[in-house]
Amino acid sequence: EELYGIKNWGRKYFSVSEKGEVLINPFKDPESAVSLKDIATGVTDRGLDMPVLLRFENILDAQLSYLNESFNDAIKKLHYKGRYQGVYPIKVNQQQQVIQEVTKFGQRYHHGLEVGSKPELIAALSEMKDKEACLICNGYKDEEFIDLGLYAIKMGFKCFFVIEIPGELDLILKRAEALHVQPNIGIRIKLSSKAGGHWTESGGDRSIFGLNMSQIIAIVDRLKIENKIECLKLMHYHLGSQIPNIRDIRTAVQEAARVYAELVKEGAPMGYIDLGGGLAVDYDGSNTNYTNSSNYSVEEYCTDIVEAVMTVMDSSQIEHPTIITESGRALVAYYSVLLFNVLDVATFEEHEIPAQLDPSLPEEVHYLHEVNQKLTVKNLQETYNDILYYRDNIRNMFNHGRISLRERAVSEKIFWNTLHQIVDKKNKLKFVPSELMDLESAIADIYYCNFSVFQSIPDSWAIDQLFPIMPIHRLLELPTRNAVIADITCDCDGNIDKFIDLHDMNNTLPLHPLKDTEDYFIGIFLVGAYQETLGDLHNLFGDTNVVSVKLNGDGTYDIVNEISGDSVQDVLSYVEFDTKAMRMKFRKTAEEAVKMGLVTPSERRIIMQSYENGLLGYTYYER
Ligand code: PLP
């Protein structure tokens with residue numbers, strides 16, 4: 001439990017049982033918890049292969065309540081006179097089931113949806129029932145998009161068009177007049193405040209989206225000329241996603257609230273202040289302002305926002321607006337866990353080195369051996385430089401035919417033995433030289449795992465985002481191996497060699513040795529936000545199986561939905577293969593082999609059956 005930091009990042013939704021298995025516990029009541037290992041076994045027994053993405057609808061429900069209740073508590077505590085009405089940004093996880101569950105669980109808080117494109121609006125209109133909830137339309141809008149939004153207003157939805165670029169207003173006014181609908185207009189503003197984190201370019205003066213102050217004034221003037229200023233009801237900004245520092249959030253709200261107050265003074269009715277996303281998830285559990293963390297709680301976030309908005313409104317004697325946030329990551333990240341099995345392990349064992357080498361070995365190998373024999377705590381850096389030098393020389397000599405394969409193999413044993421000793425001894429140093437810092441990963445085991453980084457955690461590859469990773473069972477045994485993880489794409493980027501900071505070492509993950517008798521299951525946690533649709537088909541590994549689980553509160557669970565992952569046939573059709581034609585072409589190739597006497601007709605039948613099974617099978621490693 002301590003080793004993997006589960007208490008720090010798990011928000012108590014995850015814990016470790018007395019049996020040493022990870023428990024899932026959305027109700028935060030030990031009686032209701034269920035073992036992830038039991039769910040994994042249950043899923044594989046039903047015939048769904050690993051990797052599997054598990055979604056826990058109770059966690060989504062709990063996170064929605066947590067955000068809404070935290071805002072409601074802050075509003076009550078501070079005597080704020082407006083209300084909070086969140087919207088879920090569809091881009092964060094667009095899967096139909098996710099939107100359906102957000103609208104279902106969100107109904108009691110009138111939690112609405114945010115869309116950033118026409119397809120997202122079309123999806124939202126099919127899922128949304130609650131007419132008290134907000135429907136915020138961001139993004140570039142063409143005529144079709146605007147018409148759909150206007151029809152939504154006609155049908156009673158609280159739909160807002162947020163102007164992202166100045167040119168959009170004309171089209172909105174033109175279509176509203178044509179369809180005889182009074183539009184609800186919002187403006188997205190560019191703040192000068194900029195936050196730290198991966199996505200800082202979404203905010204600040206140079207952000208791509210939003211209007212600067214003179215463009216805002218031009219919109220207000222235009223609305224006044226058109227006698228439509230009563231349509232201006234909302235102000236929006238988005239500072240960026242995963243803002244780890246609460247100070248950045250506070251500074252931005254203050255600036256935004258001032259702009260809001262000025263818009264009211266300009267004569268706009270307003271009523272809604274939309275602060276976008278940014279509420280961060282503490283992926284590494286460090287509770288700091290590092291990129292993968294967050295130095296504030298949800299309660300603190302809500303209190304700071306309500307307080308800042310209230311202070312500015314009170315000083316200008318303006319009615320307290322409805323506060324909207326577009327939190328996505330914080331709502332859905334905890335909701336999904338990716339489970340996979342380990343297929344194999346490569347170890348870089350410390351080989352025994354004889355005190356005397358065979359004199360017939362090349363000189364260069366003797367030099368390397370000498371360095372090995374002279375190693376002490378005092379000359380670690382020098383030894384490291386020397387073994388790299390001799391290793392490279394020996395490789396060169398091998399390439400030029402001056403050293404045999406056997407001789408090179410002896411030199412590599414000496415190299416790895418020395419590296420192991422350097423890693424063991426460097427902990428005795430007061431100051432570890434920077435070159436020796438990350439050596440653990442060089443001698444770590446490689447655990448080959450049945451998943452694709454590119455498909456299931458693309459942000460790990462693209463922006464080095466860290467996710468909590470740990471085995472979901474055998475947690476009473478001390479994990480004796482230090483490992484890095486390789487996926488099955490065989491791409492050199494398809495690996496994970498940075499982990500959340502566990503006991504000051506974040507370049508390897510402690511894992512257990514594999515057993516012949518049982519599968520070893522690893523979970524990657526907090527993957528519910530952004531990963532699913534950003535994932536790609538690298539090496540044609542497709543969508544994984546998805547299983548939605550509902551915990552019943554009495555220690556039992558139901559599988560409420562199963563979505564089979566892509567078959568080989570599916571992924572091939574995504575890249576424009578006509579699978580019918582493929583079957584025909586391969587049948588011809590097999591028939592030619594029969595004609596040439598290479599295979600018999602009955603062997604052809606078996607070959608065609610294998611081809612067919614391959615096409616229909618899962619893209620991942622199947623047992
Ligand atoms: N709103 C807008 C306009 C966004 O672009 C985003 C994503 O970056 C979000 C909301 C969601 O942000 P988060 O997931 O940080 O809550």
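How many bridges join strand E4 to strand E13, and do the two run parallel or antiparallel? Four bridges join E4 (residues 52-56) to E13 (residues 336-346), and the two strands run antiparallel. Strands here are DSSP runs of type E with at least two residues, helices are runs of type H or I with at least four, and both are numbered from the N terminus. Two strands count as paired if DSSP finds at least two bridges between them.

Before going on, a word about what you're looking at. This is a predicted model, in which local features need pLDDT of at least 70, side-chain atom pairs count only at pLDDT 80 or more, and totals for chains, interfaces and linings use all residues. Residues are numbered from 1 along each chain as its sequence is written.

Let's stay with E4 for a moment. Val52 stands opposite Leu339 in E13. E4 also has another partner: five bridges join E4 to strand E20 (residues 545-551), and this pair runs parallel. Here Leu54 has Val547 in E20 as its bridge partner. Strands of a sheet pair through backbone hydrogen bonds, in either the parallel or the antiparallel sense.

Is E4 covered or open? Five of its five residues are buried, where buried means that 20 or more other C-beta atoms lie within 10 Å of a residue's own, exposed means 12 or fewer, partly exposed is in between, and C-beta atoms are placed from the backbone. In a regular strand the side chains alternate between the two faces of the sheet. In E4, Val52, Leu54 and Phe56 are on one side, Leu53 and Arg55 are on the other, and all of them are buried.

Now zoom out. The chain has 22 helices and 21 strands, and its C-alpha trace spans about 95 × 70 × 55 Å along its principal axes. Of its 623 residues, 43% are buried.

Next, the cores. A nonpolar core is a set of buried Ala, Val, Leu, Ile, Met, Phe, Trp, Tyr and Cys residues joined through C-beta atoms within 7 Å. The largest one has 153 residues, and Leu339, the residue opposite Val52, is among those with the most contacts inside this core, as is Leu135. Helix H10 (residues 298-315) gives this core its largest share, 10 residues. Apart from it lies another core of 13 residues, including Leu380 and Tyr384.

Three bridges pair E1 with E2 (residues 22-24), and Ser15 stands opposite Leu23 in E2.

What about the ligand? There are 16 residues around it, and Ser241, Gly277, Glu326, Gly328 and Arg329 come nearest; a residue is near if its C-beta atom, placed from the backbone, lies within 6 Å.

Positions follow the numbering used here, feature names are shortened, and annotations may be inferred rather than shown by experiment. The annotation "domain: Arginine decarboxylase helical bundle" covers residues 361-438, a span that is 73% helix and 0% strand, with its end C-alpha atoms 32 Å apart. The annotation "active site" covers Cys490, which sits in the loop between strand E16 (481-486) and strand E17 (495-496). Cys490 is exposed, because 9 other C-beta atoms lie within 10 Å.
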